[in-house]
Amino acid sequence: MYNLIIYLYLSGVAITSLFKKKVERMWKGERAAFDILKAKVDSSARYVWFHAASLGEFEQGRPLIEALRHLHPEYKILLTFFSPSGYEVRKDYRGADIICYLPLDTPRNARRFLHLIHPEMAFFIKYEFWYNYLHQLKAQNIPVYSVSSIFRPDQIFFRRYARSYAKVLRYFTHFFVQNEESKALLEQMGIHDVTVTGDTRFDRVLQIRQAAKLLPIVEAFKQDKNIFVAGSSWSPDEEIFIPFFNERKDWKLIIAPHVIEEAHLRQIESRLTRRTVRYSQSTEAEAREAECLIIDCFGLLSSIYRYGEIAYVGGGFGTGIHNVLEAAVWQIPVIFGPNNSHFQEAQGLLAVHGGCEIASPDDFSHTMNTFLSEPESLKTAGMAAGKYVEQLAGATQSILKGVHLTS
């Protein structure tokens, strides 16, 4: 049944690629992966394979990639992606020796892929459970680790009708999970090679903070003003916070939308009644005079949060919020929408009062007015957010201690 679904999916992707650019990039990338591997694989090298679905999972695995590379330079790193949003942004990442899409999970592709690479071990980040690849790794006695994974009772593995698929979990050598609930769920299935190490994203955002870029245009924009940073925002998010800041002329606004397309950028500009500039088109002098700065390029958001007094992280009125830790690490409170219950880091921020959930424009106005009228509450919430991140760091080293590496 699984392989039938995969082949049907393959047909669907092929058809959809004719109409959608993102799917077309993925379709072409997967088909080109074997050519990349044939050209770049060093048959005498020792490879460690890391697989991340998308950009977020890559950032989650990045501390482990870089720590392993530093401690064990004798290994070469193969990095694969499923989504264009990961591959297209990080295809030039210098921390890996080979980067490509993961060919679709068919039995033939899995055998061919592993025959070319011969990895000594593999790391799948968070939610990656490709049956044929995992089956082949197990059959060839190649250790495979699930990193920063998290399990909930409503996932498919714990449904009666999916018991045949759930055996994919037994192909892993060890699970390094985020919490005790995940460990308990796996143990109920008779899987005991599980260690609770936490989430490597906490390590990653601390790395990002340490290496954060100075951004002259953003510094010119800020001057001595208070800044509200809206990161990874979607249209439903913007409908909530833009009207508030159209009225609050004493604060400046930075918007870094999740989708950087001309139509969306123009939509944002049409909603704003204040002087607005785009980052890529602005000089420092123009930024200094602006009241709203739109970030129309990738790779800057994690450094931009440093300039804010309050952050908003988008996605909570859609499929789920984006990375709240990138903001919290700068010791500023983080506001987000209601779809956050499956995001442990958001729940953690709510518990320590470093994060605030809003479900409507009225909620947002109330939260903002509280912070603006009570500066001490703003400071306390920010300190709680930063402390939460720092206290939960250390997953990377815990994972490395649990992995058998040979020199």
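Glu-269 counts as partly exposed, at 28% relative accessibility, where partly exposed is the range between buried, under 20% relative accessible area, and exposed, over 50% (1.4 Å probe, protein chains only). Its side chain meets that of Arg-278 in a salt bridge with an N to O distance of 2.8 Å, a salt bridge being a side-chain nitrogen of Lys or Arg within 4 Å of a carboxyl oxygen of Asp or Glu. This is a predicted model, in which local features need pLDDT of at least 70 and side-chain atom pairs count only at pLDDT 80 or more, while totals for chains, interfaces and linings use all residues. Residues are numbered from 1 along each chain as its sequence is written, and side-chain values rest on heavy atoms, with hydrogens and water left out.

**Domains**

- The protein chain is assigned domain 1, covering 1–198, and domain 2, covering 213–392, with bounds that come from an automatic or database domain assignment.
- The centres of domain 1 and domain 2, taken over C-alpha atoms, are separated by 32 Å.

**Helix H9 and its surroundings**

- Helix H9 spans residues 201–210 and packs against helix H18, residues 375–391, at an angle of about 115 degrees, with 8 Å between their axes; the axes are lines fitted to C-alpha atoms, for helices over the stretch in contact, and angles run from 0 to 180 degrees between N-to-C directions.
- Helices (H or I, at least four residues) and strands (E, at least two) are DSSP runs that are numbered from the N terminus.
- On the H9 side the contact is made by Phe-202, Val-205, Leu-206 and Arg-209, and on the H18 side by Tyr-388, Val-389 and Glu-390, contact meaning heavy atoms within 4.5 Å.
- Sorted by class, the contact of H9 with H18 holds five nonpolar, no polar and two charged residues; here Ala, Val, Leu, Ile, Met, Phe, Trp, Tyr, Cys and Pro count as nonpolar, Asp, Glu, Lys and Arg as charged, and the others, Gly among them, as polar.
- The buried residues of H9 are Arg-201, Phe-202, Asp-203, Arg-204, Val-205 and Ile-208, and what covers them includes helix H3 (55–71), helix H14 (301–304), helix H15 (325–328), helix H16 (344–351), H18 and helix H19 (395–402).

**Salt bridges**

- Side chains of opposite charge can pair when their charged atoms come close.
- The count of salt bridges comes to 21.
- In one of them, Arg-209 pairs with Glu-390, and the closest N and O atoms are 3.2 Å apart.
- Arg-209 lies in helix H9 and Glu-390 in helix H18, so this pair ties together parts that are 181 residues apart in sequence.
- Arg-209 is partly exposed at 27% relative accessibility, and Glu-390 is also partly exposed, with a relative accessible area of 38%.
- Arg-278, the partner of Glu-269, is buried, with a relative accessible area of 9%.
- Asp-154 and Arg-152 meet through their side chains in a salt bridge of 3.6 Å, N to O; Asp-154 is partly exposed at 37% relative accessibility, whereas Arg-152 is buried at 18%.
- A network of salt bridges links Glu-59, Arg-62, Glu-66, Arg-90 and Arg-204.

- His-174 is placed in strand E6, residues 174–177, and counts as buried at 17% relative accessibility.
- Apart from neighbours within four places in sequence, His-174 is in contact with Val-144, Tyr-145, Ser-146, Asp-193, Val-194 and Thr-195.
- The side chain of His-174 makes a polar contact of 2.7 Å with the side chain of Thr-195; a polar contact is a pair of N or O atoms within 3.5 Å, and within protein one must be able to donate a hydrogen and the other to accept it, with residues adjacent in sequence counting only if both atoms are side-chain atoms.
- Gln-60 is found in helix H3 and is buried at 1% relative accessibility.
- Leaving aside neighbours within four places in sequence, Gln-60 has contacts with Ile-125, Lys-126, Ser-148, Gln-178, Asp-199, Thr-200 and Arg-201.

**Positive phi angles**

- Most residues other than glycine have a negative phi.
- His-118, a residue other than glycine, has a positive phi near 50 degrees, and its place is in the loop between helix H5 (107–117) and strand E4 (121–125).
- Gln-223 is not a glycine either, yet has a positive phi of about 50 degrees; Gln-223 sits in the loop between helix H10 (216–222) and strand E8 (226–233) and is partly exposed, with a relative accessible area of 42%.
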